[in-house]
Amino acid sequence: MSKQTKHKSRTTHTWQVWAIYMVLAANLSEEQALKQACPSCDATQLCNCSSMGLDFIPPGLTAKITVLNLAHNRIKHIRSQDLQQAVNLRALLLQSNKISSIDMDSFDSLGKLELLDLSNNSLARLSPVWFGHLFSLQHLHLQGNSYRDLGESSLFSSLRNLSSLHLGNPQFSTIRQGNFEGIELLNKLWIDGGNLSQYEPGSLKLIKKINHMIINLRNSKIFSAIIRDLLHSVIWLEVREIKLEIEIKSLVQNSTLPFRIRKLTLKDASFTDQHIVRIIVLLKEITSLQELEAIDCELEGQGMWNTEEIEKTGQSFVEEVSIINIMIQNFHLFSDLKGMESQINKLKRLTIASSRVFMVSCELAKHFSSLRYLDFHDNLLANKRLNETICEDAWSSLQTLNLSQNSLKSLKQTADSVTRLRNLINLDISQNNFGEIPDV
């Protein structure tokens, strides 16, 4: 080999070594930068970089990382290269930053990602391109941004494994047909639609099954349209913040049996006596409905319900009712609900908690003939009223009774009342005002 060839070979080798050194040095400096920005990323699969004042995604992220928490920082932009090497990420938490823009291919390498949280950022528009390669994604959080709609087509058509979806914000105003195309089954769908003003009928009908749907909603006309779309898909529907002003129109208009909806929850809702009558009548049309729940609601009224209108529409199919923390301004003037007897004899479970109940009339109590479970905890039941509430032949099938956190003072009088319940198995009378407990 000539001297010239040997020299050329040595030069080439030197350059190769130098190139490898530069790559390693760059990688080391990136890893050092990552450790400096995020000390918890050192030799672990979990990178917790939350609340560190970061205004960029730190460099040096590698394939060993499976969970990356960048929540509560000041990141504004996600670039194409930021997550390119993090190919084994399962969870990416970016909530509560200032993200207003995302490069189109930023998430392309994240084919194993199962959870993506982009909530509470500044995204004015959402792009379906972001989610095009997220074939393993199960949980997507998009709520609390500033977009007004979901665009003209579906953002989610490639997300075949999606299980939970949370979207919407105070500016969110429009849902269109096609927005949910590609989604067939969801365990949980949460829509923050407090100011939703436009809903194209049929928009949610594309989803064949939803186990639990939560929607914040103030517009009662949209409530009716959404119920009609969900009769055949949702199992548990939870509606929050609505002021019920139910229109006369049927909730099951042009709908065919069988329905799937089994449970309806109203949370932070407000209604009047007239609207309660209307909702009771309309809900009887939903023959699959078995459970009704009202939590933290407000009733402007005294229980003066048109029981004739309720009774003439037949028997309710509901078997379980829960009323928790209902606010009635003049609760001491509330009626004894005379005339509602025909509506309660199929009930099996009843909870009225934290609602200042002080008695149930004996006449009404006698018609709870199928009730097995009764929870009156955290109310105002005193012994004198309890004696009337549990009168002879009342609550004839009752097995479980919870009277905890009431105003009972006499253990003997309480015992005299509850011994009328021949089928009682479980009794809770804790946290009352009993004095000295006798030895026997």
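## An open three-stranded sheet

Strands E15, E17 and E19 form an open sheet in that order, with parallel pairing, where two strands count as paired if DSSP finds at least two bridges between them. E15 and strand E19 (327-328) stand at the edges with a single partner strand each, so one side of each is left without a neighbour in the sheet. E17 and E19, which run parallel, are joined by two bridges, and Glu 298 stands opposite Met 327 in E19. The element names follow DSSP runs numbered from the N terminus, with helices (H or I) of at least four residues and strands (E) of at least two.

## Basis of the model and overall content

This is a predicted model, in which local features need pLDDT of at least 70 and side-chain atom pairs count only at pLDDT 80 or more, whereas totals for chains, interfaces and linings use all residues. Residues are numbered from 1 along each chain as its sequence is written, and side-chain values use heavy atoms, with hydrogens and water left out.

The protein chain holds seven helices and 23 strands. Of its 440 residues, 46% are buried, where buried means under 20% relative accessible area, exposed means over 50%, and partly exposed lies in between (1.4 Å probe, protein chains only). Among contacts (heavy atoms within 4.5 Å) between residues at least 6 apart in sequence, 68% join residues at least 24 apart.

## Parallel pairing around strand E20

Strand E20 (residues 349-353) is mostly covered, with four of its five residues buried. Strand E18 (residues 320-324) is joined to E20 by five bridges, the two running parallel, and three bridges join E20 to strand E21 (residues 373-375), again in parallel.

Elsewhere, Lys 263 lies over the face of Trp 236, at 3.9 Å from the ring centre.

## Helices H2 and H3

Helix H3 (residues 273-283) is mostly covered, since eight of its eleven residues are buried; among them are Asp 273 and Arg 278, along with Ile 276, Val 277 and Ile 279. The buried residues of H3 pack against helix H2 (220-230), strands E14 (263-267), E15 (270-272), E16 (291-295) and E17 (298-300), and helix H4 (307-312).

In H2, ten of the eleven residues are buried, so this helix is largely enclosed by the rest of the structure. The buried residues of H2 include Arg 228 and Asp 229 as well as Phe 223, Ile 226 and Leu 230, and the buried residues of this helix pack against strands E11 (198-199), E12 (209-217) and E13 (234-240) and against H3.

## The nonpolar core

The largest nonpolar core has 119 residues, and those with the most contacts inside it are Phe 107, Phe 180 and Trp 395; such a core is a set of buried Ala, Val, Leu, Ile, Met, Phe, Trp, Tyr and Cys residues joined through side-chain atoms within 4.5 Å. This core draws at least three residues from each of domain 1 (40-164) and domain 2 (367-439), with bounds that come from an automatic or database domain assignment.

Phe 180 is buried, with a relative accessible area of 0%. Not counting residues up to four places away in sequence, Phe 180 touches residues including Leu 150, Phe 156, Leu 165, Ile 191 and Ile 207.

## Aromatic pairs

The structure holds five aromatic pairs, defined for rings of Phe, Tyr and Trp (its six-membered ring) with centres within 6.5 Å, where planes under 30 degrees apart count as stacked, over 60 as edge-to-face and the rest as tilted. Tyr 147 and Phe 172 form an edge-to-face pair, 6.0 Å centre to centre with 80° between the planes. Tyr 147 lies in the loop between strand E7 (139-141) and strand E8 (164-168) and Phe 172 in the loop between E8 and strand E9 (174-175), so the pair ties together parts that are 25 residues apart in sequence. Both Tyr 147 and Phe 172 are buried.

The rings of Phe 156 and Phe 180 have centres 6.2 Å apart and planes at 25°, so this pair is stacked. Phe 156 is in the loop between E7 and E8 and Phe 180 in the loop between E9 and strand E10 (185-193), so the pair ties together parts that are 24 residues apart in sequence. Ring pairs also link Phe 368, Phe 376 and Trp 395 into a cluster.

Notes: A charge sits over a ring if NZ of Lys or CZ of Arg is within 6 Å of the ring centre and within 35 degrees of the ring normal.
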